[in-house]
Amino acid sequence: MLYLNTSDIQQLPLQWSEVVSCIESAVQTMPATDYAQPVKPYLRYNNLTNRIIAMPAYVGGNIGFSGIKWIASFPDNTRQGIPRAHSVTVLNEADTGIPCCIINSAVTSGIRTAGVSAFVLSKFLTYRQRSGLIAGITGFGPIGQLHLKMLLSLFGNNISAVRIFDLKPIEEALLKEWPDGKVTQVSSWEEAYMDADVFITCTVSSNRYINKPPKKGSVHLNVSLRDYEPDFVHHADMIIVDDWEEVCRENTDIEKMHQDKQLQKQDTVNLGALLNNSVWSRLSDDAVVMFNPMGMAIFDVAVASYYYRRSIAESAGTLLNY
């Protein structure tokens, strides 16, 4: 059995295009129902803002693995200088159930999250085919930083400026990694939001605050799920979810839109539908698109299998005896 930790993952150069291809392979199993994924349970105790989530899944197609991610999210950790998220993924051979890999790293979970955003954005920009875009990010912890890296790696030719807002000052070194003047920190979420063609929420906010109309023709990647007021539903021409049953709970923006504004499952589009280009044909150039990902375990298994295969090929990690 192969064991991979954070340093093992980080020694493998991050290939965003390969990650997105891996995500697309997992999405392709959805219309064919060649996957299994029970609704994930949340373990809570003492401080109920914390949770540990079990995410099991089987992914067929050209992936062919099962597994489970066990991820802890403790938002107050950051006040102690401890990462918010801690994650362990166990990968099993699909045909035998034999455990073949353990990944002890929240990095792959973050890469999965940004990879799914990249898949949606790539489909959106294939339809829109625009350049000179302005991107906005609110929240610049590890997930926000991975989204910035993903944006500039995959869509740098489409994006002319990235505006980032965080409640805390951003280390200057993080901004200097990118082309001069392309990435700037702004002083409010509104500055990052109002002119954004691509807007991404990567916060740990428990209070909704986005209460202004979006830019026409923009796409909103609502990664942190609890940032938009329910009235945003009236501005969105297409609402994409990864899995309705998963995302319409746990006080997400989708659940509030469902409760307060009568948003229904049939009013949304799931990721599998994005494989069909005709899903975009009914949208005008001014249409606003919103993506709400609760996080599907099939993508964690897919990304784990990708890193497992890469690590075997490049002799990374540590082999453990059963």
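**Cysteines and charged pairs**

Tutor: Start with Cys 100, which is buried at 4% relative accessibility. Buried means under 20% relative accessible area, exposed means over 50%, and partly exposed lies in between, with a 1.4 Å probe and protein chains only. This is a predicted model, where local features need pLDDT of at least 70, side-chain atom pairs count only at pLDDT 80 or more, and totals for chains, interfaces and linings use all residues. Residues are numbered from 1 along each chain as its sequence is written, and side-chain values use heavy atoms, with hydrogens and water left out.

Student: How many disulfides does a search of the whole structure find?

Tutor: A disulfide is a pair of cysteine sulfur atoms within 2.5 Å. The search of the whole structure finds zero.

Student: Now the charges. What is the general idea?

Tutor: Side chains of opposite charge can pair when their charged atoms come close. For a salt bridge, a side-chain nitrogen of Lys or Arg must be within 4 Å of a carboxyl oxygen of Asp or Glu. The whole structure holds 13 salt bridges.

Student: Which residue forms a salt bridge with Asp 76?

Tutor: Arg 79 does, with the closest N and O atoms 4.0 Å apart. Asp 76 is partly exposed at 31% relative accessibility. Arg 79 is exposed at 71%.

Student: Are Asp 253 and Arg 208 buried or exposed?

Tutor: Both are buried. Their side chains meet in a salt bridge, 2.6 Å from N to O. Asp 253 lies in helix α8 (residues 253–261), and Arg 208 is in the loop between β11 (198–201) and β12 (219–221), so the pair ties together parts 45 residues apart in sequence. Helices (H or I, at least four residues) and strands (E, at least two) are DSSP runs, numbered from the N terminus.

Student: What is the N to O distance for Arg 249 and Glu 246?

Tutor: The closest N and O atoms of this salt bridge are 2.7 Å apart. Arg 249 is buried, at 18% relative accessible area. Glu 246 is buried too, at 3%.

Student: Which residues are linked in a network of salt bridges?

Tutor: Lys 69, Arg 112 and Asp 300 are.
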